[in-house]
Amino acid sequence: MTGGNAKKWMFLAGGTAAVVLAAVLSILYGSTQIPLSEILRALWEPDLTQHWHLVILELRVPRTIGCALAGASFSAAGAVMQGITGNPLADSGLLGINAGAAFALALCLAFLPGMSFSGVVLFSFLGAGAAGAVVYGLMMVRKRKLDPVRLVLAGCAVSIFLSSISQAVAIFFDIGYELTFWTAGGAAGIRMEQLAFAGPVMLAGLVLAAALAGKISLLSLGEEAAQGLGVQVERTRALCLLAVLLLAGSAVALAGPIAFVGLLVPHVTRFFVGEDYRWVIPCSFLTGAFFLVTADVISRIVNAPAGTPVGMIFAVIGVPFFLWTVRKGERGID
């Protein structure tokens, strides 16, 4: 094993340990102080007739698992988008996919408030797919190659448009509180029934992203280089977009459109493991899961016991990082 690979394996091992530690803290900490002995008993000998056991098994455990899966999904979606577009600013949020899913869910809250969670996730996929199709349609209408700057501009325009309509729907149908808390990124409502539906979809997206990692590495070198190395560019890009839709659509439906996760995490991961997406994507799974679970724990501390939407915690970190990334890109161009 070379020194470089040893470092990457160490990052994987350390990331796994960090996720486990964050998950333990997430289960231990909450607005209700529960003795450690009761927490252990709830995990090993659950008794759903006891209040504390219900809190652990029905609230904290699903919330922890949901945050881990959503963090891994947003991060993987961002890494895939950055790889296939060659754009360091790309993620599902900046390209309109999250806003599309959020718009579809706003329509569900307004017109179909009693819809099952499986139906909500289906609408989320439709909204995410429609937004992504519009963004890429705007880019390809003149049969031009993907321009990173134009792609982000088109994504931002679509995101702002859909967000504006979502807010108008919220005001007209008086669903502002529910929509605002959800769009800010809230994990408090995650339950095991939701995980049972959204979890397999996110896992399928993660498996697909990992399977495409080698081809994404070649695509990141440029379309012509990838074709020269035997990659079917259009087919691979379509499969990558399918993975992003599975990941972002289900994660947004579960935890809300949490911004900057997909932008921030792949950059942090590449700093440690390099540019090879065969390492970037699986390591992003762990890094994203750790970041979002940790942010959720912090969100419970801020403004306790009411809590703070986890998306606001990420925004505090993500906005300065986004500006730094833009500035770094400008210096590279100069």
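The model is predicted, so local features are taken at pLDDT of at least 70 and side-chain atom pairs at pLDDT 80 or more, while totals for chains, interfaces and linings use all residues. Numbering starts from 1 along each chain as its sequence is written, and side-chain values use heavy atoms, with hydrogens and water left out.

The protein chain has a mean pLDDT (the predictor's confidence in each residue, from 0 to 100) of 82. A value of 70 or more is reached by 88% of its residues. Over residues 330-334 the pLDDT falls below 50. Beyond near neighbours in sequence, that stretch makes zero contacts (heavy atoms within 4.5 Å) in the model. Confidence is lowest in helix α14 (residues 310-333), with a mean of 66. It is highest in helix α9 (residues 213-219), at 92. Where pLDDT is low, the predicted coordinates should not be read in detail.

The protein chain contains 14 helices and zero strands. Both kinds of element are DSSP runs numbered from the N terminus: helices are H or I, at least four residues, and strands are E, at least two. Of the contacts with a separation of 6 or more, 74% join residues 24 or more positions apart.

The UniProt record, an unreviewed entry, places the feature "transmembrane region" at residues 9-29, 93-112, 118-139, 151-175, 195-218, 239-265, 277-298 and 310-326. Such annotations may be inferred rather than shown by experiment; their positions follow the numbering used here, and feature names are shortened. In the model, residues 195-218 are 96% helix and 0% strand. Their end C-alpha atoms are 34 Å apart. Residues 239-265 are 81% helix and 0% strand. Here the end C-alpha atoms lie 22 Å apart.

Helix α5 (residues 117-140) has 24 residues. From its first C-alpha to its last it reaches 34 Å, close to the 34 Å expected at 1.5 Å a residue. The expected span is 1.5 Å times one less than the number of residues. Among the buried residues of α5 are Gly-119, Gly-127, Gly-132, Val-135 and Tyr-136. Buried means under 20% relative accessible area, exposed over 50%, and partly exposed in between (1.4 Å probe, protein chains only).

Buried residues make up 49% of the 334 residues in the protein chain. The largest nonpolar core has 76 residues. A nonpolar core is a set of buried Ala, Val, Leu, Ile, Met, Phe, Trp, Tyr and Cys residues joined through side-chain atoms within 4.5 Å. Val-80, Ile-84, Ile-216, Ile-258 and Ile-281 touch the most other members. Helix α3 (residues 51-85) gives the most to this core, with 12 residues. A second, separate core of eight residues includes Ile-27, Ile-56, Leu-57 and Val-61.

Six salt bridges were counted. The rule requires a side-chain nitrogen of Lys or Arg within 4 Å of a carboxyl oxygen of Asp or Glu. Asp-296 and Arg-300 meet at 2.9 Å, N to O. They are four residues apart in helix α13 (residues 277-301), and therefore separated by about one helical turn. Arg-63 joins Asp-296 and Arg-300 in a network of salt bridges.

Glu-234 pairs with Arg-237, the closest N and O atoms being 3.9 Å apart. These two are three residues apart in helix α11 (residues 233-255), about one helical turn. Glu-234 is exposed at 55% relative accessibility, whereas Arg-237 is buried at 13%. Arg-270 forms a salt bridge with Glu-275, also with closest N and O atoms 3.9 Å apart. Arg-270 is buried at 11% relative accessibility, and Glu-275 is exposed at 55%.
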